[in-house]
Amino acid sequence: TKDELDSLKERLPKWLEASKSLSTGGKVASYIPELSKAPQQALGIHIIDASGDSVSAGDCGLSFTMQSISKVFTLLLALMDNGEKAVFDKVGMEPTGDSFNSMLKLELVQPGIPFNPLINAGAIVISSLIAGSGPDEKAERTLQFFRSLSGNERLQFDLAVYQSESETADLNRSMAYFLKDNGVLEGNVHDVLDVYFRHCSVQAQCADLARMALVLAYDGTDPITGVNLVPRRYVQIAKTFMVTCGMYNASGEFAIEVGLPAKSGVSGGILTLVPGRYGIGLIGPALNPKGNSISGVHLLETLSKELDWSLF
Ligand code: GLN
């Protein structure tokens, strides 16, 4: 592993440049207006191992919001707060094959539970399951959990992105009201969405995502501090969802081309891991038509093929 990281230090910059050139073929997300300010050409990656050795390349200093990447960790928190049974009474375990914000299948399974916790509808239900006396406490607990996983006490909400999403989220709002009417979502819809928009707006850098991914790579224990942060069973559940649903309706293709558990967000971030070896955080704001970082996916394909990382 140490040898591999050393050889990566030399080879990574060249691979990154090759992938970066693809960013002109992608589009920065603009349906959340504030996200459209991100630099289209940027590409950065950070890879960390259990001894804390790391290699990074490209635009790693860029801060971005976690967006859908946060859904992996709110799922873990909801499982820790409620247990498996209560969570899976309200969200399913199957991929949809549809885009992340699709409403299409919400009426399909009775009583109208979302297919899985990584699509928007499912993640909104998960937000409603986070323990706390109100939206402020729920959001604060979530932020604290993200801080402990990343080892970064300075993680914060990006309030401009939060507000921008909150003002334009008609589709997510309509889903949430639909879920409430179905009896799947409990509580005040406005408050639930407030928690959801806030955890999507947590600002991070590649190194933060890499460290969070490292905890997943080591089954819930941060190998750098030795502290267990999440029960192994819940990490197993989360990683399985990452393989089957983490890259939206491109998860099958990603499993074939890269073969690692991963989760992307519309900000262009991707969190992935090599089990028992590395945590990886990446940012490339230009997206492909399915909403995944165009240059980021390409870079992970190169890494997986060159280093034989596929689990399959
Ligand atoms: N906050 C975003 C939304 O709800 C997250 C979506 C994503 O990253 N794919 O639309």
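Student: What should be kept in mind about the numbering and the model?
Tutor: Residues are numbered from 1 along each chain as its sequence is written. In this predicted model, local features need pLDDT of at least 70 and side-chain atom pairs count only at pLDDT 80 or more, whereas totals for chains, interfaces and linings use all residues.

Student: Why is the ligand said to lie between domain 1 and domain 2?
Tutor: The domain bounds, which come from an automatic or database domain assignment, are 2–63 + 205–306 for domain 1 and 68–200 for domain 2. Both domains give residues to the shell around the ligand, so the ligand lies between them. Among the surrounding residues are Gln67, Ser68, Asn172, Cys200 and Gly265, where being near means that a C-beta atom, placed from the backbone, lies within 6 Å of the molecule.

Student: What makes up the shell around the ligand by class?
Tutor: The shell has 3 nonpolar, 7 polar and 1 charged residues, with Ala, Val, Leu, Ile, Met, Phe, Trp, Tyr, Cys and Pro counted as nonpolar, Asp, Glu, Lys and Arg as charged, and the others, Gly among them, as polar.

Student: Why is Gln67 counted as buried?
Tutor: A buried residue has 20 or more other C-beta atoms within 10 Å of its own, an exposed one 12 or fewer, and a partly exposed one lies in between, with C-beta atoms placed from the backbone. Gln67 has 25 C-beta neighbours inside 10 Å and therefore counts as buried. Gln67 sits in the loop between β4 (64–65) and α2 (70–88), elements that are DSSP runs numbered from the N terminus (helices H or I, at least four residues; strands E, at least two). Its phi is near 50°, a positive value in a residue other than glycine.

Student: How do you know whether Tyr248 is buried or exposed?
Tutor: Tyr248 has 24 other C-beta atoms within 10 Å, so it is buried. Tyr248 also has a positive phi, about 55°, although it is not a glycine.

Student: How do you know which residues of the largest nonpolar core touch the most other members?
Tutor: Such a core is a set of buried Ala, Val, Leu, Ile, Met, Phe, Trp, Tyr and Cys residues joined through C-beta atoms within 7 Å. Of its 99 residues, those touching the most other members include Leu76, Ile124 and Ala238. Helix α8 (residues 206–217) gives the most to this core, with 10 residues.
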